[in-house]
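Biologist: I have a new model open and would like to learn how to read its features. Could you walk me through it?

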Amino acid sequence: MRDDLQDLPVLLLSAARALVDGIDTGVRARGFTDLRPAHGFAFVRLSGTGATVGELAEHLEITKQAASQMADELVNKGYVERRPHPSDARARLLVLTAKGVACTRAADAAAEETLRPWAEALPAGQLAALRAALLRLATPGRIRPTW
């Protein structure tokens, strides 16, 4: 491997982990202490119009059984509710409750809080270049836990 690429995977993964840890810490500080980072990745998929258990499983790249267990946990904690699916009478739609939406707002604030020092550490041109490079390299929609 080229010398200038050698440490790139570790640096990218370390930055991603720091972001997830910062969001988790900020969410907990805002009172949502009964969640794990994996729940936040589920909330990303459930935000907006919601999702079925199968869609959640696909998004998180886990089994339907594991997604069903996570959904049960989030329902029991009051973050998610099951509703009839608007176009499939056999399916149930998982949607965020008001508590779930409040948690996503807390996560957004925690993300901004975590990223602010990063933005302050880089000159505006470097930050813009980093963002542009990541836009070229990242695969849209592939945001899920890997640990």
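**Reading the aromatic pairs**

Modeller: Happy to. This is a predicted model, and the structure holds 2 aromatic pairs.

Biologist: How do I read the geometry of such a pair, say F32 and Y79?

Modeller: Look at two values, the distance between the ring centres and the angle between the planes. Planes under 30 degrees apart count as stacked, over 60 as edge-to-face and the rest as tilted. For F32 and Y79 the centres are 6.2 Å apart and the planes stand at 50 degrees, so this pair is tilted.

Biologist: Are F32 and Y79 buried or exposed?

Modeller: The general idea is a cut-off: buried means under 20% relative accessible area. F32 has 12%, so it counts as buried. Y79 has 1%, so Y79 is buried too.

Biologist: And what is the geometry of the pair F43 and Y79?

Modeller: Their ring centres lie 5.8 Å apart with the planes at 45 degrees, so the pair is tilted. This pair also links distant parts of the chain: F43 is in helix α2 and Y79 in the loop between α4 and β1, 36 residues apart. Both F43 and Y79 are buried.

Biologist: Which residues form one aromatic cluster?

Modeller: F32, F43 and Y79 do.

Biologist: What lies over the face of Y79?

Modeller: That is K99, at 4.5 Å from the ring centre.

Biologist: What should I look for in the backbone angles?

Modeller: Most residues other than glycine have a negative phi. Against that background, turn to E61, which is not a glycine and yet has a positive phi of about 55 degrees. E61 lies in the loop between α3 (53–60) and α4. Its relative accessibility is 42%, so it counts as partly exposed.

Biologist: And how would I read P84 in its surroundings?

Modeller: Take its element, its accessibility and its contacts in turn. P84 lies in strand β1. With a relative accessibility of 60%, P84 counts as exposed. Leaving aside residues up to four places away in sequence, P84 touches A91, R92 and L93. Its C-alpha atom is separated by 8.9 Å from that of L94, a residue 10 places away along the chain.

**The whole chain**

Biologist: How do I step back to the fold?

Modeller: Begin with the elements and their order. The chain has 6 helices and 2 strands, and from the N terminus on they run α-α-α-α-β-β-α-α. Along the principal axes, the C-alpha atoms fill a box of roughly 55 × 35 × 25 Å.

Biologist: What share of the contacts comes from residues 24 or more positions apart?

Modeller: Among contacts with a separation of 6 or more, they account for 56%.

Biologist: And how do I read burial and surface for the chain?

Modeller: Of the 147 residues, 26% are buried. The chain exposes about 9,600 Å², with carbon and sulfur atoms supplying 58% of that area.

Biologist: How many positive and negative side chains are there?

Modeller: There are 19 positive and 17 negative ones, and the centres of the two sets lie 5 Å apart.

Conventions. Residues numbered from 1 in each chain as written. Predicted model: local features only at pLDDT ≥ 70, side-chain atom pairs only at ≥ 80, totals over all residues. Heavy atoms only, no water. Phe/Tyr/Trp six-rings, centres within 6.5 Å; stacked < 30°, edge-to-face > 60°. Buried < 20%, exposed > 50% of the residue type's maximum accessible area, 1.4 Å probe, protein only. Helix = DSSP H or I, 4+ residues; strand = E, 2+ residues; numbered from the N terminus. Lys NZ or Arg CZ within 6 Å of the ring centre and 35° of its normal. Contact = heavy atoms within 4.5 Å. Areas by Shrake-Rupley, 256 points an atom, 1.4 Å probe, with all protein chains shown as cover. Lys, Arg positive; Asp, Glu negative; His and termini not counted. Charge placed at Lys NZ, Arg CZ, Asp CG, Glu CD.
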